[in-house]
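Have the model open while you read.

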Amino acid sequence: MLKRRGFVLVLLVVLVALVASGCGQPQNNGADAEFEQSDQLVLAIGGEPDDGFDPTIGWGRYGSPLFQSTLLRRDDDLNVENDLATDYEVSEDGLVWTVSIRDDVVFSDGEPLTADDVVYTFLTAKESGSVVDLNVLSDAVALDETTVEFTLTRPQSTFINNLITTGIVPAHAHGAGYAEDPVGSGPYKFVQWDRGQQLIVEANPEYYGQKPYFQKITFLFLSEDGAFAAANAGDLDLVAVPAALAQQNVTGMSLKAIESIDNRGIMFPFVEAGGQTDDGYPVGNDVTADLALRQAINVAVDRQALVDGVLNGFGTPAYSASDGMPWWNPDTVFADGDFDAARDILEEGGWTEVDGIWQKGELTAEFSLYYPASDQVRQSLAIAVADMLKPLGINIIVEGKSWDEIQANMYSNAVMFGWGSHDPQELYNLYSSQTAGIGWYNTGYYSNEKVDEYMELALAATTVEEAMNYWQLAQWDGETGLSALGDAPWAWLVNLQHTYLVREGLNIGRQRIHPHGHGWPVTDNIVDWRWDD
């Protein structure tokens with residue numbers, strides 16, 4: 001019988017040996033192995049967080065914070081339910097959110113969790129200057145040990161997502177070094193993190209919620225090839241694999257493909273060239289600033305062909321940043337792969353085809369498309385789109401760059417980005433004129449007064465139904481919108497399926513639709529995982 005547990009170091013040595021020997025193809029050494037079902041797991045799901053495990057600087061926002069618990073959470077149908085909170089209410093003007101919390105929760109170090117810890121967490125996150133966006137939060141006050149009052153500078157319906165995604169940290173144990181040795185009230189407690197190698201966690205005996213079945217989990221941080229080799233060797237219970245490897249047979253494991261809104265698409269600079277950011281980076285692109293060119297690309301791209309050819313079928317065509325979400329406008333789906341329609345759009349937009357490439361005055365239908373050179377999927381999508389559009393007469397020059405190089409050029413060049421969230425705030429961040437040029441959000445400087453108006457109304461809405469209606473109108477109201485039917489500042493291409501090889505008999509529960517791949521969304525329901533009988 002092959003003993004798997006506790007052999008992490010041995011595993012790493014084996015993997016190094018595989019690489020050193022030039023063994024490019026993984027060996028199916030697990031063919032005759034037998035596997036014992038214990039209360040421990042070894043996983044390789046990628047995504048080692050560079051900044052550690054501190055929710056006040058972003059840990060857990062795209063998946064389970066694991067070590068910490070949150071005030072609210074989403075169930076498998078994305079409905080909001082209580083976690084630490086026992087109740088919450090919002091004032092009629094939408095400015096004051098009052099949250100009551102449980103009185104029986106302690107951190108993994110045995111200290112009680114009180115309203116002061118909630119206040120500390122949110123005010124610390126607000127001041128962190130990190131990806132945690134709490135600019136709308138004016139103040140947070142503990143009314144007593146179990147009641148917190150949040151005051152906003154203006155109504156914001158999406159503030160609820162901060163209550164869902166922000167793990168609560170202990171005021172008494174937070175500070176320098178916390179990110180690498182976290183204390184929390186979540187289902188698991190931190191044991192050990194060896195950067196670049198592994199993270200070890202154990203079930204938190206103080207956890208107030210459903211007790212997890214698995215008492216110890218080891219997360220291995222391996223390359224895609226290394227993880228696949230480890231799976232073949234029978235040393236992993238679950239491994240994330242790229243679409244290119246998803247159909248490979250691994251003895252004792254089966255494939256699970258999980259739907260996601262983890263999308264990929266092309267951001268077009270929306271304004272003409274000539275401006276610059278506060279940091280001096282160039283802004284704008286005369287070619288992609290042309291509406292007809294952006295719409296023609298959207299219509300001409302064959303998204304299903306990209307799913308079939310680049311993702312091996314593990315994905316779906318994408319027409320927005322939020323396909324299938326409650327705030328998505330399904331009217332924004334359109335017929336694609338239509339060169340005739342694309343040519344009509346270009347001609348009506350003043351373009352003329354000359355020697356196989358479209359011209360408009362001094363402009364030629366040619367621009368650069370940047371992608372991160374380390375990302376094979378984005379590279380393949382960029383090349384495939386360029387090949388797809390060349391016969392139409394649009395020349396896209398694909399360029400693989402580092403993220404630093406992309407950051408300096410993303411305001412003036414098209415970029416293959418990826419997004420996808422359970423929070424409609426992401427729509428605002430990507431398309432609002434208020435976020436133009438801020439961080440990685442609206443890098444194309446997209447702006448539409450009507451779209452801004454709809455999104456502001458969505459944020460100010462006091463009911464879910466009202467907010468959803470305005471989010472949908474922002475995408476397309478029949479005359480204008482941020483979708484490809486309107487201004488087309490993006491060409492969304494595909495939604496990935498997240499693909500995993502899972503040990504036979506390991507039940508990972510009902511997986512809700514996954515957000516973007518940062519974090520570990522597959523572990524969001526970790527307390528439901530167990531072995532089938």
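1. First, some housekeeping. This is a predicted model, so keep in mind that local features need pLDDT of at least 70 and side-chain atom pairs count only at pLDDT 80 or more, while totals for chains, interfaces and linings use all residues. Residues are numbered from 1 along each chain as its sequence is written, and side-chain values use heavy atoms, with hydrogens and water left out.

2. Start with strand E23, residues 490-496, where 7 of its 7 residues are buried. Buried means under 20% relative accessible area, exposed means over 50%, and partly exposed is in between (1.4 Å probe, protein chains only). Strands here are DSSP runs of E with at least two residues, helices are runs of H or I with at least four, and both are numbered from the N terminus.

3. Which strands pair with E23? One is E13 (residues 263-267), antiparallel to E23 over 5 bridges; another is E16 (residues 315-317), also antiparallel, with 3 bridges. Two strands pair if DSSP finds at least two bridges between them. To trace this on screen, look for Arg264 facing its bridge partner Val494 in E23, and Thr316 with its partner Asn495 in E23.

4. His498 sits in strand E24, residues 498-503. His498 counts as buried because its relative accessible area is 10%. Val522 is 24 residues away from His498 in sequence, and their C-alpha atoms are 8.9 Å apart.

5. Now go to helix H2 (residues 115-127), which holds Val118. Is Val118 buried or exposed? Its relative accessibility is 0%, so Val118 counts as buried. Between Val118 and Gly129 there are 18 Å from C-alpha to C-alpha, with a sequence separation of 11 residues.

6. Glu348 belongs to H7, and with 71% relative accessibility Glu348 counts as exposed. Patch members have over 30% relative accessible area and no salt bridge; like charges are joined within 9 Å, and nonpolar side chains (Val, Leu, Ile, Met, Phe, Trp, Tyr) within 5 Å. A salt bridge is a side-chain nitrogen of Lys or Arg within 4 Å of a carboxyl oxygen of Asp or Glu.

7. Finally, a nonpolar surface patch consists of Val80, Tyr88 and Val90, together giving about 210 Å² of accessible area (Shrake-Rupley method, 1.4 Å probe). Val90 lies in strand E4, residues 85-90, and is partly exposed at 37% relative accessible area.
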